[in-house]
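Work through the exercises below with the sequence and the model at hand. Each task is followed by a solution in steps.

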Amino acid sequence: MKIFTAEQIRACDQWTVQHEQVSSLMLMEKAAGRCADWFASQIKSERFWIFCGNGNNGGDGFAIARMLYRKGFDIDVFIDFKNPEYSEDARINLQKLKEISGVDIHDFRQVSEMKFKQDTSIVDAIFGSGFHGSLSLDYQKLIAFLNSIQANKVSIDIPTGLSADGLSDSESVFIADHTLSLQFWKKSFLHPETGNFCGKVHILDIGLSPEFIQKTDTSQYIISDSTVQKIYRPREQFSHKGTYGKVHLIAGSYGKIGAAILAARAAVRTGAGLVTVQAPECGFSILQTACPEAMMLSTGNIFSENLHYEEGITYGIGPGLGTESETQNAFLEFLKKINKPIVLDADALNIIALDNAHLELIPKNSLLTPHPKEFERLFGTSANSFKRLEIAKENAEKFGIFIVLKDRYTQIITPKKTVYYNITGNPGMATGGSGDVLTGIITALLAQKYSSEEAAILGVWLHGKAGDDAAKMNSEEALIAGDLPESLGRVFNELKNSHYKKTTK
Ligand SMILES: NC(=O)C1=CN([C@@H]2O[C@H](COP(=O)(O)OP(=O)(O)OC[C@H]3O[C@@H](n4cnc5c(N)ncnc54)[C@H](O)[C@@H]3O)[C@@H](O)[C@H]2O)[C@H](O)CC1
Ligand SMILES: [K+]
């Protein structure tokens, strides 16, 4: 699914009005209708306080107010009495609202004097994608007041004060529990500094022109279920374990053997034909007990000193590896021998980060899976996650690598500087060992001849889906990394079913 800028969304809006049998007023009616249906089906409140600005976001708010009133809800609307200028569609919808005697319209400055009943939901239709700059003092006071109230809060399209495309200049931003975003994800929803204001994001389809969406270029995407269904290939009937590739995981050291176990369990559960763990001997008995499906190769006694290299193997390197000087030497020598894509994580990245020249040793199209701290060690610090993404794009291009930047919404950055955001997963996955599982999954996909780009996209999606399945079983709090490989089976079954549903009648 494409992510567009506010400007592109505006152009899409205009294109739809010019090329399809729909006016801008009808589009507003459709958007408001989708929002009103969502409120009526998802929210328990009997009454709504709806705050409306003077642009089309406010226009959506007026139309929502009218529709919710007709559905039987108790509605109060708040506007800016000092500003009588409205966009044309907002003006028409305000007029329609004024014709309804049961809806009270107040100046938003009166809100703090009004009695707030407990089951009231607050709707923010003040500013949407047309917001820029910062808020005037009156609006700042309003947002501060609304943020201080204990209530269910929903923003229409985008929380007021936030910009669609990145960090905003506004000091105050409405804090929503839910954001009903029209048609598209916005980039700011996906980064921690700004996404925190949105609560849960719901994308409501308002029927903007598919033709415009298809023809308009972007370099940023959401990984949607349909993207993944196109990538996924079910297993062939006439196949054997050789069909599904050989994985070698170079992982684990004394005290960190668990990392190797988690990666190995994930690789076998992701369908690799043969999985071997190259690890120090101190981990052999626990590894062979915890994951009997994997074979072992000794790399040393308590940490890795000798790494085994063979042609025709897909390597995933780093979880729990350690950074002892012998391991560093062995790993760097090993890197020099390889000329096909590999997966690099954790201590493999920490060793590379010791010297900038090491980056040149990484085979083209390899996948690096850093968390933010590892990313910083590799490529330097950045002021915020938007700047970090720009640094990632430059380096992905420069070194011809895929960077899988792990975060709440993990970003895959390709050598062509395309960005894919993954929206599966949940905060329960912020737990030790979760990244080791991702390494196992991506390496197993690479071994099964998915391209680096496909392995990254499918891998992060599967990982997040497994996390969602595990959270359903165990709660986000009790979720542990070891649950993730166990959940992969259910995720693959679902994926396979949806694949066959698409390809058969
Ligand atoms: N996506 C779609 O196709 C549709 C979107 N809809 C809704 O329309 C808004 C965008 O509307 P727009 O009129 O362009 O912008 P806003 O309502 O967000 O605000 C513009 C309004 O506010 C003024 N303004 C901007 N910044 C400030 C500021 N810092 N302080 C004070 N005032 C400010 C500006 O001058 C304008 O007057 C989108 O989000 C959707 O909610 C359509 O309804 C359906 C189609
Ligand atoms: K809003």
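**Exercise 1.** Is I156 buried or exposed?

*Solution.* Buried means under 20% relative accessible area, exposed over 50%, and partly exposed in between (1.4 Å probe, protein chains only). I156 has a relative accessible area of 0%, so I156 is buried.

The model is predicted: local features need pLDDT of at least 70, side-chain atom pairs count only at pLDDT 80 or more, and totals for chains, interfaces and linings use all residues. Residues are numbered from 1 along each chain as its sequence is written, chains are lettered from A and ligands numbered from 1 in the order in which they are written, and side-chain values use heavy atoms, leaving out hydrogens and water.

**Exercise 2.** Find the protein donors of the potassium ion (ligand 2).

*Solution.* Step 1: donors are N, O and S atoms within 2.8 Å of the metal (3.2 Å for Na, K and Ca); water is not among the atoms, so sites may look incomplete.
Step 2: N57 gives OD1, while D124, F127, I156 and I158 each give O, at 2.6 to 3.0 Å from the ion.
Step 3: N57 lies in helix α3 (residues 56-70) and I156 in strand β5 (residues 152-156), so this pair ties together parts 99 residues apart in sequence. Helices (H or I, at least four residues) and strands (E, at least two) are DSSP runs, numbered from the N terminus.
Step 4: N57 is also buried, at 8% relative accessible area.

**Exercise 3.** Which residues does F379 contact, leaving aside neighbours within four places in sequence?

*Solution.* Contact means heavy atoms within 4.5 Å. By this rule F379 is in contact with L359, I391, N395, F399, I401 and I403.
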